[in-house]
Amino acid sequence: MASWSEFAADVPRLADGVRRLLQQYGPGLGYLATVRADGGPRVHPVSPVLAEEGLFCFVIDSPKRRDLERDGRYALHSFPAEESDDEAYLAGRAQLVTDPARVTRLARRHCAIYDIDWRLFEFSIDVAMIAQHDIAGVARPAVQVWLEPGGQAGSGQPGQPRRAGSPAPTVDQGSAAA
């Protein structure tokens, strides 16, 4: 699993596109999918934090936090854009940040309120995807998919995001965001 900084160093243009879509309204906004105890999906709106040192989320005491504490698998999808149907998707594992200095530094930098029961999670990245739709919405979207090299999602080539129509034996381009 790659950290945000490792992913961004490997494919900077794709990382910039993901950042642009997650932060299109200022602070990060997205939908976080987690895995319930019964194995089913759970989806919640969140405000992810993109920092040079990683991708994070402050998560209050909630079902989604308990999901992440129990089973760290996640998927994060950007909020819909107002002027296009472009979308970004990330998936991987969430890890509780336990270093008090790191938690304090990020909380101060991103204005987390201390009197609320939240925990800080860092999201590693196994899969990243952007779909860019044409303005008329007629043509198939241009899809770029990155797989963490050697990760469980498959063995993509580092630094080589895939476009729709390119050979991608481990990723179905039509359902990468599903």
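Predicted model: local features only at pLDDT ≥ 70, side-chain atom pairs only at ≥ 80, totals over all residues.
Strands β6 and β8 pair in the antiparallel sense, over 5 bridges.

In β7, F123 is the bridge partner of A94. How much of β6 is covered? The strand is mostly covered, with 7 of its 10 residues buried.

Next comes the nonpolar interior. In soluble globular proteins, nonpolar side chains tend to be buried together. The largest nonpolar core of this model has 27 residues. Which residues have the most contacts inside this core? They are W4, F7, Y74, L90 and F123. Several elements give two or more residues to the core: α1, α2 (12-22), β4 (54-60), β5 (73-78), β6 (87-96), β7 (118-123) and β8 (127-132). The largest share, 5 residues, comes from α2.

Take Y74 as a guide to this region. Leaving aside neighbours within four places in sequence, Y74 is in contact with a list of residues that includes L32, L55, L68, L90, A91, A94, F123 and I125. A second core of 11 residues is separate, and A51, F56, V103 and A107 are among its members.

Go back to W4 and F7. Both lie in helix α1 (residues 4-10). They are 3 residues apart, about one turn of the helix. Both W4 and F7 are buried. The structure holds 5 aromatic pairs. W4 and F7 form one of them, an edge-to-face pair with 5.2 Å from centre to centre and 65 degrees between the planes. Why does this pair count as edge-to-face? Its planes are 65 degrees apart, and planes over 60 degrees apart are counted that way. Ring pairs also bring in W146, so that W4, F7 and W146 are linked into a cluster.

Charged residues come last. Side chains of opposite charge can pair when their charged atoms come close. A search of the whole structure finds 14 salt bridges. Start with D61. The side chains of R65 and D61 meet in a salt bridge, at 3.6 Å from N to O. R66 forms a salt bridge with D61 as well, and here the closest N and O atoms are 2.8 Å apart.

Are these residues buried or exposed? R65 is buried, because its relative accessible area is 3%, and buried means under 20%. D61 counts as partly exposed, at 45% relative accessibility. R66 is partly exposed too, with a relative accessible area of 44%.

Another salt bridge joins D71 and R73, whose side chains meet at 2.7 Å, N to O. D71 is buried, with a relative accessible area of 15%. R73 is partly exposed, at 40%. Elsewhere, salt bridges that share partners join D61, R65, R66, E69, D117 and R119 into one network.

Methods: Residues numbered from 1 in each chain as written. Heavy atoms only, no water. Salt bridge = Lys/Arg side-chain N within 4 Å of Asp/Glu carboxyl O. Buried < 20%, exposed > 50% of the residue type's maximum accessible area, 1.4 Å probe, protein only. Phe/Tyr/Trp six-rings, centres within 6.5 Å; stacked < 30°, edge-to-face > 60°. Helix = DSSP H or I, 4+ residues; strand = E, 2+ residues; numbered from the N terminus. Core = buried A, V, L, I, M, F, W, Y, C linked by side-chain atoms within 4.5 Å. Contact = heavy atoms within 4.5 Å. Pairing = 2+ DSSP bridges.
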